[in-house]
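Please look through the sequence and the model below before reading on. The paragraphs that follow lead from a single residue to the whole chain and back to some local details.

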Amino acid sequence: MAGIIFEGVSKSYGKVEVVKGIDFEVKNKEFMVLVGPSGCGKSTLLRMVAGLEEISSGKLYIGNTLVNDIPPKDRDIAIVFQNYALYPHMTAYQNLAFGLKIRRFDKKEIQERVLEAAKILDIEALLDRKPKAMSGGQRQRVAIGRAIVRHPKVFLFDEPLSNLDAKLRGQMRIEIAKLHQKLQTTVVYVTHDQVEAMTLGHRIAVMNKGSIQQLDTPDRLYAHPRTLFVAGFIGTPPMNLIAGRAGEENGSLFFQGDGQTFKAKINSRPELRSYLDKEIVLGIRPEAIHLRKQTDKENYAVLNCKIQFVERLGHESFAFFLLQDKQLVARLKPEEPIRPGEEVDLFFEVDKMHFFDKVTEEVINPAPPPAPAT
Ligand SMILES: Nc1ncnc2c1ncn2[C@@H]1O[C@H](COP(=O)(O)OP(=O)(O)OP(=O)(O)O)[C@@H](O)[C@H]1O
Ligand SMILES: [Mg+2]
């Protein structure tokens, strides 16, 4: 068992720095997810932990050991990739046993470990089958099994589910969460699927362009995004973002959307006083925009608009509307009888608004700032 510490870890290919001085700690037994768009450096970071990629600068510790110069085979780490690459001519049993065999484990130990992993993954009935006689999900289980038999200190996963169809992905997600509960091992899990990230991670590191934008629990990432990037990345559909300015009129504070489109009184947000006439961005989640006033809330900004189209998902509906030429979305109760083309008043909850500095792209923090996640 071991945690992982990154101290100013960077990676460059030639002159291009693809991982930029990353500092963070994965705690012992923690399930840490790295999420971010394609090319942001997730796999590179993971491969540095595995020792498959050299570190350009900085220090990397696994447990208490500085591993910069320790070869992959001596790091006591197992990695599961998207392309699980089982040996096609071997049965599931032989695939599971192979890694132990080349490490010269004795036969009895190998058998014990293989059967134990097969039991954990519920693939005992498949042990005599070759990969071509297994489904994608079953093959991926065997691939995970190959990692489990090694009893590693740390598990690394690089998009292990992206080759599976949506339903199977959902099932395997639960399997992986259960697996972690059972094994209680440190996990670093890379994905670009934010649902996977939100459901699996104890904490999530949101990466963009080689840096960690925010490292936080799923709840706090959703409720307190620290940058515009995180605000737009976490959440489906994503947070609505409206560019504009803060202003003051007769002592009253307001937000004015660019192009005079939208005006909201924001007296309950005094942190914006220091942003008067500066460019800011208002962020509001679809569930904070309502078709009628909630009785327990009094602080709303109202927007009269025309509904463009409505997506009905059964348990909820999404109503899309335009603010100038920008498409925004409200999450509504499924029973709302709203129709495309209808003109309605939408109520924006002022207390649920997020504000970002347009230049630095960082959140304008209400006082007191939320405590960091532990
Ligand atoms: N061997 C290499 N030589 C040069 N550049 C590389 C090399 N490997 C990766 N890169 C670049 O490093 C950056 C990060 O790549 P990485 O594979 O870590 O991204 P990722 O976040 O895993 O993306 P994806 O979600 O698409 O898998 C990319 O811009 C990529 O083109
Ligand atoms: Mg990758």
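This is a predicted model: local features need pLDDT of at least 70, side-chain atom pairs count only at pLDDT 80 or more; totals for chains, interfaces and linings use all residues.

The protein chain has 374 residues, of which 37% count as buried, and its secondary structure comes to 8 helices and 20 strands. Its C-alpha atoms fill a box of roughly 80 × 45 × 35 Å, taken along the principal axes. Among contacts between residues at least 6 apart in sequence, 66% join residues that are at least 24 apart.

The domain assignment divides the chain into domain 1 (4-232) and domain 2 (241-357), and the centres of these domains, taken over C-alpha atoms, are separated by 40 Å. Where they meet, 4 residues of domain 1 are in contact with 5 residues of domain 2. Between helix 8 (228-233) and strand 11 there is a loop that contains Pro237, and the peptide bond leading from Thr236 to Pro237 is cis, with omega near -10 degrees.

In soluble globular proteins, nonpolar side chains tend to be buried together. Here the largest nonpolar core has 101 residues, and those with the most contacts inside it are Leu34, Leu156, Val188, Tyr189, Val206 and Phe348. Both domain 1 (4-232) and domain 2 (241-357) give residues to this core, so it lies between them. Phe348, when its neighbours within four places in sequence are left aside, is in contact with Ala264, Ile284, Ala288, Ile289, Tyr300, Ala301 and Leu303.

Ile242 is buried because 22 other C-beta atoms are found within 10 Å, and its contacts beyond four places in sequence are with Gly257, Phe262, Val281, Leu282 and Leu323. Asp76, by contrast, is 166 residues from Ile242 in sequence, and their C-alpha atoms are 48 Å apart in space.

How do two of the helices pack, and at what angle? Helix 2 (residues 92-102) and helix 3 (residues 107-121) pack at about 135 degrees, with their axes 10 Å apart, which means that helix 2 is oblique to helix 3. Their crossing is right-handed, and the contact is made by Tyr93, Leu96, Ala97, Leu100 and Lys101 of helix 2 together with Ile110, Arg113, Val114 and Ala117 of helix 3.

The loop between helix 2 and helix 3 holds Arg104, which has a positive phi of about 60 degrees although it is not a glycine. Arg104 counts as exposed, because it has 7 C-beta neighbours inside 10 Å. Glu159, placed in the loop between strand 7 (154-158) and helix 5 (166-183), also is a residue other than glycine with a positive phi, near 45 degrees. With 19 C-beta neighbours inside 10 Å, Glu159 counts as partly exposed.

Methods
Residues are numbered from 1 along each chain as its sequence is written. Chains are lettered from A and ligands numbered from 1 in the order in which they are written. A nonpolar core is a set of buried Ala, Val, Leu, Ile, Met, Phe, Trp, Tyr and Cys residues joined through C-beta atoms within 7 Å. A residue is buried if 20 or more other C-beta atoms lie within 10 Å of its own, exposed if 12 or fewer, and partly exposed in between; C-beta atoms are placed from the backbone. Domain bounds come from an automatic or database domain assignment. Two residues are in contact if their C-beta atoms, placed from the backbone, lie within 7 Å. Axes are lines fitted to C-alpha atoms, for helices over the stretch in contact, and angles run from 0 to 180 degrees between N-to-C directions. Helices (H or I, at least four residues) and strands (E, at least two) are DSSP runs, numbered from the N terminus. Angles under 35 degrees count as roughly parallel, over 145 as roughly antiparallel, 65 to 115 as roughly perpendicular and the rest as oblique. A crossing is left-handed if the near helix is turned anticlockwise from the far one by less than a right angle, and right-handed if clockwise.
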